[in-house]
Every structure is written in structure tokens, then in C-alpha cells.
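Subject: Structure handover

Hello,

Here is the structure I promised to pass on. Please open it first, then read my notes below.

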Amino acid sequence: MTVESPVRRVPDAAPEVRGGVRVRQRVIEKVVREASAVTIGVPRDDVHVEVAEWGGGLAVRVAARLPIPDLDDTEAIRAETPLLDRVRQAQSMLAGEFARLTGREIRRVSFTVTGALIPERRRVR
């Protein structure tokens with residue numbers, strides 16, 4: 001006589017697999033660099049990142065130029081958020097995005113502004 005197990009399996013569910021997943025440091029750095037570039041709004045090559053294990057999570061250092069409005073556009077300059085507020089906002093956004101992408105706790109995000117990135121003027125034809 002066959003007795004059915006008290007635990008019912010869903011036919012389409014994947015079987016439980018034991019083990020671990022290792023993600024190399026350089027992969028995490030590439031993911032962090034790409035996320036930083038997208039969040040800040042600069043090209044990926046303009047962002048430098050360092051990722052290290054720290055306090056049971058990750059500590060991330062980001063160095064990048066920040067986009068600013070054209071200096072001839074006084075209205076855009078007045079409307080712009082002050083620099084320190086922008087950096088604090090970027091740190092918060094980056095910490096959340098890094099945690100979501102890596103699945104790791106982000107203990108610290110240090111942001112260094114290395115310069116300004118002014119959008120290129122386009123000629124009207």
C-alpha cells in the first residue's frame with residue numbers, strides 16, 4: 001500500500017536545492033558602477049567605484065562628476081537642488097538600489113564629487 005506524503009508539492013514548482021551562490025567581487029563592482037551611472041545620470045566610464053566587505057555588509061565608495069545645468073541658464077541654476085542635498089539624495093537612492101541589486105545589506109555609501117558635467121549645447125538647424 002502506498003501512503004501519500006503529508007507535504008504536497010506543486011507540480012510546476014522547482015525542487016528545493018541546497019548549496020550556495022558566489023558572486024565575484026568584480027561582478028558586484030560592475031553592477032554597482034552601472035547602477036551608479038544610471039542613478040547619477042552620467043556615462044558609466046565617468047564613475048569609479050570601490051566595494052568592500054564591512055560590518056557584515058558592503059561599503060561602497062562612488063566617485064563621479066555630477067551633471068549641472070548650463071551656466072548661462074540662470075533659471076535652471078536657481079531651480080537646481082543645492083549640491084549637498086543632491087549628494088545626500090544620491091547616497092540614499094544608491095544604497096537602496098545597491099541593496100536591491102546585490103541582495104546584500106549596504107552599510108555605507110561614500111560619494112565623492114570629482115567635478116561637474118555640463119550638457120553639450122546642440123546647434124539648431
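This is a predicted model: local features need pLDDT of at least 70, side-chain atom pairs count only at pLDDT 80 or more; totals for chains, interfaces and linings use all residues.

Helix H3

H3 covers residues 83-102. Its 20 residues should span 28 Å at 1.5 Å a residue, and the end C-alpha atoms are 28 Å apart, so the two agree. Five residues to look at here are Arg86, Val87, Ala90, Leu94 and Phe98, which are buried in H3. They cover an arc of only 90 degrees around the axis, so they sit on the same side of H3. What do the buried residues of H3 pack against? Their partners are helix H1 (25-40), strand S2 (57-67) and strand S3 (106-117). Turn to the face of H3 away from its buried side: Arg88, Ser92 and Arg100 are exposed there.

Helix H1

H1 has 16 residues. From first C-alpha to last, H1 reaches 22 Å, close to the 22 Å expected at 1.5 Å a residue. Its buried residues are Ile28, Val32, Ala35, Ser36, Ala37 and Ile40. The cover over them includes strand S1 (47-54), S2, H3 and S3. After H1 comes Gly41, again with a positive phi, near 90 degrees.

Ser36 deserves a click. It lies in helix H1. Is Ser36 buried or exposed? Its relative accessibility is 0%, so Ser36 counts as buried. Leaving out residues up to four places away in sequence, Ser36 touches Val47, Val49, Val62, Leu94 and Phe98. Leu94 and Phe98 are among the buried residues of H3.

Salt bridges

Side chains of opposite charge can pair when their charged atoms come close. How many salt bridges does a search of the whole structure find? It finds nine. Here are some to look at.

- Glu34 and Arg44: the closest N and O atoms are 2.7 Å apart. Glu34 lies in helix H1 and Arg44 in the loop between H1 and S1, so the pair ties together parts ten residues apart in sequence. Glu34 is partly exposed, at a relative accessible area of 32%. Arg44 also counts as partly exposed, at 47% relative accessibility.
- Arg104 and Glu53: the closest N and O atoms are 2.7 Å apart. This pair links distant parts of the chain, with Arg104 in the loop between H3 and S3 and Glu53 in strand S1, 51 residues apart. Arg104 is partly exposed, at 27% relative accessibility. Glu53 is exposed, with a relative accessible area of 53%.
- Arg88 and Asp85: the closest N and O atoms are 3.6 Å apart. Both residues lie in helix H3, three residues apart, about one turn of the helix. Arg88 counts as exposed, at 52% relative accessibility. Asp85 is partly exposed, with a relative accessible area of 33%.

A surface patch

Last stop: the surface. Which residues make the nonpolar surface patch of about 420 Å²? They are Val21, Val23, Val27, Val31 and Leu101. Leu101 is found in helix H3. At 39% relative accessibility, Leu101 counts as partly exposed.

Best wishes

Technical notes. Residues are numbered from 1 along each chain as its sequence is written. Side-chain values use heavy atoms; hydrogens and water are left out. Helices (H or I, at least four residues) and strands (E, at least two) are DSSP runs, numbered from the N terminus. The expected span of a helix is 1.5 Å times one less than its number of residues. Buried means under 20% relative accessible area, exposed over 50%, partly exposed in between (1.4 Å probe, protein chains only). The arc is that of the directions from the helix axis to the C-beta atoms. Contact means heavy atoms within 4.5 Å. Patches are made of residues with over 30% relative accessible area and no salt bridge: like charges are joined within 9 Å, nonpolar side chains (Val, Leu, Ile, Met, Phe, Trp, Tyr) within 5 Å. Accessible areas come from the Shrake-Rupley method with a 1.4 Å probe; for residues, only the protein chains shown count as cover. A salt bridge is a side-chain nitrogen of Lys or Arg within 4 Å of a carboxyl oxygen of Asp or Glu.
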